[in-house]
Amino acid sequence: TIKGFAFDMDGVLADTAKFHTVAWHQIADEIGTTWTPELAESLKGIDRMGSLALIMAAGGVAEQYDQAEREKLAVKKNTHYRELISTLTPDDILPGMKSFLDELKAAGYQMSVASASKNAPFIIERLGLAHYFQAVVDPASVTAGKPDPAIFSAAADVLQLQPAEVIGIEDSSAGIQSINAAGETSVGIGDKNVLQEADINFATTADVTLTAIKSGWH
Ligand code: B16
Ligand code: MG
């Protein structure tokens, strides 16, 4: 029996992927990596230092940057990103998600956030969504990022639920892999070809309802 839901944030609750893209694109230009839509997609759900490593690898410049220089670039990206998200309001909640959260709350489901973002508590607060969630997993507390199952396992643990009692909702391939490896049911939001491994798929957040999930519509 499903008793709880674990939510990814960027790309599921919040329309913030566009801001990550703007901030990383600038770093890519600075280090000489050509920015492509495929590179942008591959960064979804990947933590900050992991994303930077992927951008460096794509440009073939990884060996030119030591740890100290990488940390400087990551700080620069995050400073820019924080500027961009400082203007977030409840209007930036992705379509349909507020009513979906209301539906789940009314039905008595437990809810947690499993975001790779260290900015998640700030963003959830800005969007006015904090009261829906029993807990926001601190990504710094898990041993490995998505696609490792650790963060979605923790999202079930904080609700004191078994993995089989939890549905995880994600917009990234790495995140779907994390949910599946944790032994939870996976709901993918976005391109079916990118999120092939999801148990249930929806094209956009606007399509997500409890009824649709229960009937496993594709
Ligand atoms: P930060 P999610 C992820 O959030 C983003 O998808 C990913 O693009 C970002 O690099 C990562 O958070 C880390 O974010 O730099 O704010 O700590 O999709 O797991 O909610
Ligand atoms: Mg995401």
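The model is predicted: local features need pLDDT of at least 70, side-chain atom pairs count only at pLDDT 80 or more, and totals for chains, interfaces and linings use all residues. Residues are numbered from 1 along each chain as its sequence is written, and chains are lettered from A and ligands numbered from 1 in the order in which they are written.

Along the principal axes, the C-alpha trace spans about 50 × 35 × 30 Å. Nine helices and six strands are present; these are DSSP runs numbered from the N terminus, helices being H or I with at least four residues and strands E with at least two. Buried residues account for 44% of the 218, where a residue is buried if 20 or more other C-beta atoms, placed from the backbone, lie within 10 Å of its own, exposed if 12 or fewer do, and partly exposed in between. Of the contacts with a separation of 6 or more, 62% join residues 24 or more positions apart, a contact being two C-beta atoms, placed from the backbone, within 7 Å.

Strand E5 (residues 185-189) is largely enclosed by the rest of the structure, because five of its five residues are buried. Thr185, Val187 and Ile189 point one way from E5, and Ser186 and Gly188 point the other way. In a regular strand the side chains alternate between the two faces of the sheet. E5 pairs with E4 in the parallel sense over four bridges, with Ile169 opposite Val187 in E5; pairing requires at least two DSSP bridges between two strands. Strand E6 (residues 200-202) also runs parallel to E5, joined by three bridges, and Gly188 stands opposite Asn201 in E6. E4, helix H8 (residues 173-181) and E5 form a right-handed β-α-β unit, meaning that, with the strands pointing away from the viewer, the path from the first strand over the helix to the second runs clockwise.

Helix H7 (150-157) is mostly covered, with six of its eight residues buried. The buried residues are Ile151, Phe152, Ser153, Ala154, Ala155 and Ala156. Their cover includes strand E1 (4-7), strand E2 (110-113), E4 and H8.

The loop between strand E3 (135-136) and H7 contains Pro147, and the peptide bond from Lys146 to Pro147 is cis, with omega near 15 degrees. Asp148 lies in the loop between E3 and H7 and is partly exposed, as 16 other C-beta atoms lie within 10 Å. The C-alpha atoms of Asp148 and Ala174, 26 residues apart along the chain, are separated by 8.1 Å. Gln160, in the loop between H7 and strand E4 (166-170), has a positive phi of about 55 degrees although it is not a glycine. Gln160 counts as exposed, because it has 11 C-beta neighbours inside 10 Å.

Ligand 1 is surrounded by 19 residues, the closest being Met9, Asp10, Ser115, Ala116 and Ser117; a residue is near the ligand if its C-beta atom, placed from the backbone, lies within 6 Å of it. The shell has four nonpolar, nine polar and six charged residues, with Ala, Val, Leu, Ile, Met, Phe, Trp, Tyr, Cys and Pro counted as nonpolar, Asp, Glu, Lys and Arg as charged, and the others, Gly among them, as polar.
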